[in-house]
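Open the model in your viewer and keep the selection tool at hand. The tour goes stop by stop.

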Amino acid sequence: MTTIDPLLFHGTLLNQQGDAIKDAKIQLWQTDPDGNYLHPDPRAATSPKSPDHASIVSEFQYFGTDATDSEGNFEFLSYRPGAYPNRPYSHFHFMVWLNDPVVGDDGEDPLPALVTQFYFKDESPPFPDSLQLDVTEVDAGIYTYGSYVNGTIVVDADSSLTGGILLATSPMQPKGPFYPETDFFRMNNDLTAADDATTQNVSPTVSPDTGVITTHPTRIPSFAAPATGPTPPMPSHNNDIMPISTAPTLHPVQVTSSAAAAAAAWNYNFLGFVW
């Protein structure tokens, strides 16, 4: 019997003018509740396994993809990621693709619009407020999840934007060494039930004519609608996005505790680039 309930990640993708971006692909990958990734690198699975999480881990998908709707919304049903020794802060990895990824003429892999990570505010992570999420608890007996987070991602979708109040773009962070080696563009956004292809090493399907990666996820319908009762209130965002004029200057992390020291050991520049 598990001791934790699923967590709903509800997000919105905006450009710097605050407009919703539709039809973008959002990839998420994370550790299971024990702090282990599904990846062949031996560093990916070093945390002790908890018997309480055995039934979760056996069915856990570890990564998935969603496409933004007409209002820029995307969702993932998952569990809160577990921390691990070298990363004492729980986190989600995200990659944002504004268009179908295209393999370059030189055969090089396509580049996403943004790679970043989200953290949990209640762990006091030493990273920008715009990457920190509040957790709201709900009744798991009413909803299909026991808590949710609601975050906003801002990308520079149009470099020609000028004038008015522009939002600061979400800070980028590295994808780290545990980006899945499976083609998960075709995997859905429900990480609580493993896709049959989770452990398969499948290469993306690339059009020989255009170079466009043609795989697409099968999106699970919105998780926000409860089985019974009202939908819980969701603010437009709860990570602190802000206009460029008031965006803080990022400085090196000041190490003040052994936990922060462990994080800083993996922190290799002022943006908080960590695994």
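Which residues does F94 touch, not counting residues up to four places away in sequence? Select F94 and show its contacts. This is a predicted model. The partners are F9, I26, Q27, L28, W29, F74, F76, L114, V115, T116 and F118.

**Stop 1**

In soluble globular proteins, nonpolar side chains tend to be buried together.

**Stop 1: the open sheet**

Switch to cartoon view. Look for an open sheet of 5 strands. Trace its order: β3-β2-β5-β6-β7. The pairing is mixed. Select 63-67 for β3 and 132-133 for β7; these are the edge strands. Each of the two pairs on one side only.

Zoom in on β5 (residues 91-97) and β6 (residues 114-120). How do these two strands run, parallel or antiparallel? They run antiparallel, and 6 bridges join them. For a landmark, select M95 in this pair of strands. Opposite M95 stands V115, in β6.

**Stop 3**

Show charged side chains. Side chains of opposite charge can pair when their charged atoms come close. The whole structure has 4 salt bridges.

Select R80 and D122. Their side chains meet in a salt bridge, at 2.7 Å from N to O. R80 sits in the loop between β4 (73-78) and β5, while D122 sits in the loop between β6 and β7. The two are 42 residues apart, so the pair counts as a link between distant parts of the chain.

E123 is in the loop between β6 and β7, 43 residues from R80. Keep all three selected: R80, D122 and E123 are linked in a network of salt bridges.

R80 is partly exposed, because its relative accessible area is 27%. D122 counts as exposed at 52%. E123 is at 23% and counts as partly exposed.

**Stop 2: D134 and K121**

Move to D134 and K121. Their side chains meet in a salt bridge at 3.6 Å, N to O. D134 lies in the loop between β7 and β8 (136-137), and K121 lies in the loop between β6 and β7. The pair is 13 residues apart. Buried or exposed, or in between, for D134? D134 is partly exposed, with 32% relative accessibility. K121 is partly exposed as well, at 26%.

**Stop 3: two positive phi angles**

Stay in the loop between β6 and β7 and select S124. S124 is not a glycine, yet its phi is positive, about 50 degrees. With a relative accessible area of 57%, S124 is exposed.

Finish at D23, in the loop between β1 (7-15) and β2 (25-29). D23 is not a glycine either, and its phi is positive at about 65 degrees.

Notes. Residues are numbered from 1 along each chain as its sequence is written. This is a predicted model: local features need pLDDT of at least 70, side-chain atom pairs count only at pLDDT 80 or more; totals for chains, interfaces and linings use all residues. Side-chain values use heavy atoms; hydrogens and water are left out. Two strands pair if DSSP finds at least two bridges between them. Helices (H or I, at least four residues) and strands (E, at least two) are DSSP runs, numbered from the N terminus. Buried means under 20% relative accessible area, exposed over 50%, partly exposed in between (1.4 Å probe, protein chains only). Contact means heavy atoms within 4.5 Å.
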